[in-house]
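This briefing goes through one protein chain by topic, from overall make-up to single residues. Please keep the sequence and the 3D view at hand while reading.

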Amino acid sequence: MSHNLCPRPELSKEDWDPDVVTRMIILAPGARVSESEIVSEMHMLDLPLTIKNTCYGAMVSGKEKDVKKALEEIRKLDPNHIFTKDRGFAPGDPRRCRGQRFGPREGFHQMEKEFRLLGDVADALEKRKDVKVSKKHPVDIDLVKNIMNES
């Protein structure tokens, strides 16, 4: 069981490169594109990226400028339903890979909770409304004194 807690990954040169980033691409409920369409679109860009299809969307790893360009392109497919977030580990890293562990990986339950909220975020982005924010005013000191004297 200890190997589950402290796996010893054999990291490649790319894993140690500080310019390499990994982003998780998460599709919100109601997305108009599928995970495989996103992965295909990223492959069509012909960028030097590591791309992995996942149950929630995809994962992409590579030089930051290439990853950023890929994300800009795929977000054009459905800008209100495609979300991304950083991932501290490369795809397939045994420290996070579910295939190497006995159960869900760390962060799975948080991502599951975030996924439930993405539908509401996507709806808000699609049905934008102008919101007027009222300016806050300080509480009148006489009101505070009156409340204090009552008790």
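The points below cover the fold, the nonpolar cores, a surface patch and a few individual residues.

The model is predicted. Its chain has six helices and four strands, and of its 151 residues 30% count as buried.

**Overall make-up**

- Read from the N terminus, the order of elements is α-α-β-α-β-β-α-β-α-α.
- Taking contacts between residues at least 6 apart in sequence, 68% join residues at least 24 apart.
- The accessible surface of the chain is about 11000 Å², and carbon and sulfur atoms account for 53% of that surface.

**Nonpolar cores**

- The largest nonpolar core has 17 residues. The members that touch the most other members are Ile-25, Ile-38, Met-42, Leu-49, Val-60, Ile-74 and Ile-82.
- Two or more residues of this core come from each of β1 (20-27), α3 (35-44), β3 and α4 (64-75). Helix α4 gives the largest share, four residues.
- Ile-74 is in contact with Ile-25, Ile-38, Glu-41, Met-42 and Ile-82, with neighbours within four places in sequence left aside.

**Helix α3 and Ile-74**

- Glu-37 is a residue of helix α3. Its relative accessible area is 42%, so Glu-37 is classed as partly exposed, between the limits of 20% and 50%.
- Glu-37 and Ile-74 are 37 residues apart along the chain, and their C-alpha atoms are separated by 9.3 Å.

**Thr-54, in the loop between two strands**

- Thr-54 sits in the loop between β2 (50-53) and β3 (57-63).
- Thr-54 counts as buried because its relative accessibility is 13%, and the cut-off for buried is under 20%.
- The side chain of Thr-54 reaches the backbone nitrogen of Gly-57 at 3.1 Å.
- Not counting residues up to four places away in sequence, Thr-54 touches Glu-35 and Met-59.

**Two exposed loop residues**

- Lys-76 lies in the loop between α4 and β4 (82-87). With a relative accessibility of 59%, Lys-76 counts as exposed, because the cut-off for exposed is over 50%.
- The side chain of Lys-76 makes a polar contact with the side chain of Glu-73, at 3.2 Å.
- Asp-46 is found in the loop between α3 and β2. Its relative accessibility is 68%, so Asp-46 counts as exposed.
- The phi angle of Asp-46 is near 55°, a positive value in a residue other than glycine. Most residues other than glycine have a negative phi.

**Nonpolar surface patch**

- Val-139, Ile-141, Leu-143, Val-144, Ile-147 and Met-148 form a nonpolar patch on the surface. Together these residues have about 580 Å² of accessible area.
- One of the patch residues, Ile-147, is found in helix α6 (residues 141-150).

Definitions and conventions. Residues numbered from 1 in each chain as written. Predicted model: local features only at pLDDT ≥ 70, side-chain atom pairs only at ≥ 80, totals over all residues. Heavy atoms only, no water. Patch = residues over 30% accessible without salt bridge, like charges linked within 9 Å, V, L, I, M, F, W, Y side chains within 5 Å. Areas by Shrake-Rupley, 256 points an atom, 1.4 Å probe, with all protein chains shown as cover. Salt bridge = Lys/Arg side-chain N within 4 Å of Asp/Glu carboxyl O. Buried < 20%, exposed > 50% of the residue type's maximum accessible area, 1.4 Å probe, protein only. Polar contact = N/O pair within 3.5 Å; in protein donor to acceptor, adjacent residues only side chain to side chain. Contact = heavy atoms within 4.5 Å. Core = buried A, V, L, I, M, F, W, Y, C linked by side-chain atoms within 4.5 Å.
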